[in-house]
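The structure comes first, and the entries follow.

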Amino acid sequence: MDSIIVRGNGELNGQIPIAGAKNACLTLMPATLLSEEPLTLTNAPRLSDIRTMTELLSSLGAEVSTLQDGKVLAMSSHNLDNHVADYDIVRKMRASNLVLGPMLARLGQAVVSLPGGCAIGTRPMDLHEKGLMALGAEIELKEGYLHAKVPGGLKGAVIDLDFPSVGATENIMMAATLAKGTTVLNNAAREPEIVDLATCLRSMDAQIDGDGTSRIEIQGVDRLHGATHPVVTDRIELGTYMLAPAICGGEVECLGGSISLVGSFCEKLDAAGIHVEETANGLKVARRGGRVKAVDVVTEPFPGFPTDLQAQMMALMCTAEGTSVLEEKIFENRFMHAPELMRMGANIEVHGGTATVHGVERLKGAPVMATDLRASVSLILAAMAAEGETIVNRVYHLDRGYERVEEKLGNLGAHIERVQS
Ligand code: EPZ
């Protein structure tokens with residue numbers, strides 16, 4: 001099992017390329033199931049989660065070819081021969097549940113394993129099920145699998161989501177593209193990944209309006225066609241790397257970044273005294289001297305502060321001047337990084353969904369344990385500004401969402417290496 005060793009090494013400077021978005025690619029890939037014609041994704045990220053989705057789609061009979069060093073995914077589902085998404089694949093990655101809607105729409109039936117437990121929360125699928133049942137699906141849970149079928153085909157409906165769930169919005173939107181009539185999805189998620197999915201579906205001749213707002217309208221069509229679609233920039237990788245110069249000092253240009261993807265996050269960086277500006281190639285982030293100021297954060301659905309940047313923001317607040325309060329409103333158990341940061345000398349109190357961080361002068365290196373994807377990268381960020389050496393264990397979590405971390409951060413001047421342990 002790999003570990004990553006980091007030695008604090010002062011300021012970071014230079015340019016860092018931001019990849020295509022994991023959370024967009026993981027919903028774009030299942031869209032291939034909606035059509036017999038090929039769907040090609042460009043600017044795809046090279047991550048273990050993408051390989052897991054490839055494995056899942058292949059198990060359903062889709063063909064997925066990885067081209068151009070993994071940046072292009074050429075997919076075709078003209079010959080689907082299986083409608084069961086197996087537990088052995090689904091338990092590795094929850095986003096596997098995004099094949100449910102497309103399979104129902106295309107094949108009229110789907111059997112999808114429930115993903116099971118997750119480190120950051122219970123994460124049920126009730127909103128997915130309610131939405132698809134509103135479109136006419138019959139869904140039953142048997143031995144850990146959702147058995148779904150839709151005799152007579154999906155029919156458009158008005159659906160009010162209890163919570164703007166990203167996954168439920170994506171599953172329902174994909175299913176509704178091939179339903180008879182019009183579907184209106186109220187209180188829909190507004191994340192950029194939703195807009196990217198809708199843009200791709202429109203290029204496949206779907207009829208969708210309102211993506212990016214809370215009300216999405218989908219006019220069903222008989223069939224979808226092939227297309228080629230560039231995956232949107234990864235706003236979470238972007239935010240993560242914007243924090244590297246914020247934590248260590250220096251100036252870094254994040255290539256491919258834009259403020260529109262991380263607006264509320266930039267407001268917090270500005271309040272903390274971090275300079276952010278758009279450039280011709282992306283976003284420049286700089287901190288020269290002086291300590292970061294403590295700021296409070298509440299995680300919310302987009303366009304609010306993203307929960308996927310909460311752990312990384314906590315790493316910044318560990319050495320801020322003053323006390324900050326971070327409220328996690330999306331997931332019920334997303335402070336697993338706090339005790340690991342405390343092993344590095346951070347001063348944090350956690351009560352339920354609220355963490356209070358009392359800034360300290362400097363963190364100290366220590367062996368720490370990654371518990372989930374975003375927690376793992378927050379430990380790497382903290383380690384780059386800490387005194388001495390930190391060993392981050394279980395970095396397989398990291399590889400799910402960050403490609404070539406050592407190379408990208410090493411190019412900015414970080415002392416970082418991967419070791420087999
Ligand atoms: C997506 O997960 C992302 N994953 C998550 O990123 C991200 O944290 C999350 O959206 C919120 O932004 C992917 O896109 C693959 P939700 P998703 O449905 O779709 C509850 C990362 O680090 N809920 O919006 O699963 C749920 O329990 C990952 O890259 C229900 O109660 O998120 C949670 O508390 C982690 N019932 C909240 O809603 C449902 O049917 C938000 O979940 C669905 C969700």
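I took a polar contact to be a pair of N or O atoms within 3.5 Å; within protein, one must be able to donate a hydrogen and the other to accept it, and residues adjacent in sequence count only if both atoms are side-chain atoms. The model is predicted, local features need pLDDT of at least 70, side-chain atom pairs count only at pLDDT 80 or more, and totals for chains, interfaces and linings use all residues. Residues are numbered from 1 along each chain as its sequence is written, and side-chain values use heavy atoms, with hydrogens and water left out.

Entry 1: I looked up R374 and found an N or O atom of its side chain 2.8 Å from an oxygen atom of the ligand. For S165, a polar side-chain atom lies 2.6 Å from a ligand oxygen. L127 places a polar backbone atom 2.8 Å from an oxygen atom of the ligand. The protein buries 84% of the 820 Å² that the ligand exposes when taken alone (Shrake-Rupley method, 1.4 Å probe).

**Entry 2: the shell.** I noted 21 residues around the ligand (a heavy atom within 4 Å of it), with D126, S165, D308, I330 and R374 the closest.

**Entry 3: helix packing.** I found α5 and α6 packed at about 25°, their axes 8 Å apart (lines fitted to C-alpha atoms over the stretch in contact, with angles from 0 to 180 degrees between N-to-C directions). That angle makes α5 roughly parallel to α6 (under 35 degrees).

Notes:
Helices (H or I, at least four residues) and strands (E, at least two) are DSSP runs, numbered from the N terminus. Angles under 35 degrees count as roughly parallel, over 145 as roughly antiparallel, 65 to 115 as roughly perpendicular and the rest as oblique.
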